[in-house]
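This report covers the packing of a predicted model. The sequence and structure come next, followed by notes on selected regions.

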Amino acid sequence: MKKIFAVLFLVLTMIIATIKPVHAVDSVIHGPDVVFKEVSAIVTIYDILLLYESDGRVLSISNDGYTGNGAVVGSYNVTIAASDGLTEILRTIQVKVLLSIGDVTLVDNLGNIYVRPDQTLDFTKIRNVLRNVNLISISVGTGYQILIDEYTGHETEEGNYNYGFRLISSSGAIQNVSIKIYVTEDFTSFEPGDIIPPDPNPLLAFGSMVWNAILFIITIGIVGILLYVGYKVSKKIKKGVPR
């Protein structure tokens, strides 16, 4: 009997040892609701996907309204899919392309800034970036206090850094700003020489040519009028001079 229990115990031990732990699978996709990108910045849809995660799931793009519009000011929907092999969850986010943000890769709606190691920031640049995406609500330039700065001194090192400051306006309004700065080499990198300038728009080129022609005609007309007036004035002066 003891031998039977010993064998059963051994079998159960072997079964338990071979059972792999079941990892929890997320039911949501974590990340910002809105991502801001400058019109001239080179950012792919896969760079944007780096801002999202879902434990136990593999992320992919289900619907992409951004690619092909990254150099056009506007707001574009992107649907992210996350699958664990059995189930799939979706989340739609917005990518807003703005005319000017600053020398960063991306900014999210919470004010978190994402940069490559070669994009270094200081307080003025950070403040301007947040102002350009309308995340600073009071007037800028009166005064500020740095509350926390884990970023300075680590600008070229990969990592996540807390950064906070307080803005104080002349009206007495105060705004506390608390963000994270993410430095990563995972974003698309490139050499400046690799950027090929776009072909000129023929309509814009034609319009520029017409405008230059109009300016030339106006200039010639003004010069002609001035010469004519000068000629008439000189004739009157000559007539009034006694011989």
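## Nonpolar cores

In the largest nonpolar core, which has 24 residues, I113 and I126 touch the most other members. Such a core is a set of buried Ala, Val, Leu, Ile, Met, Phe, Trp, Tyr and Cys residues joined through side-chain atoms within 4.5 Å; buried means under 20% relative accessible area with a 1.4 Å probe, protein chains only. At least two residues each come from β1 (34–38), β6 (113–115), α3 (123–132), β8 (159–168) and β9 (174–183). Helices (H or I, at least four residues) and strands (E, at least two) are DSSP runs numbered from the N terminus. Another core, of 23 residues, lies apart from this one and includes A41, Y66, Y76 and V95.

The model is predicted: local features need pLDDT of at least 70, side-chain atom pairs count only at pLDDT 80 or more, and totals for chains, interfaces and linings use all residues. Residues are numbered from 1 along each chain as its sequence is written, and side-chain values use heavy atoms, with hydrogens and water left out.

## Helix α3

F123, I126, R127, V129 and L130 are the buried residues of α3. They line one face of the helix, because they fall within an arc of 160° seen down its axis, the arc being that of the directions from the helix axis to the C-beta atoms. These residues pack against β5 (106–108), β6, β7 (144–149), β8 and β9. After α3 comes N134, with a positive phi near 60°.

Note on methods:
Buried < 20%, exposed > 50% of the residue type's maximum accessible area, 1.4 Å probe, protein only. Contact = heavy atoms within 4.5 Å.
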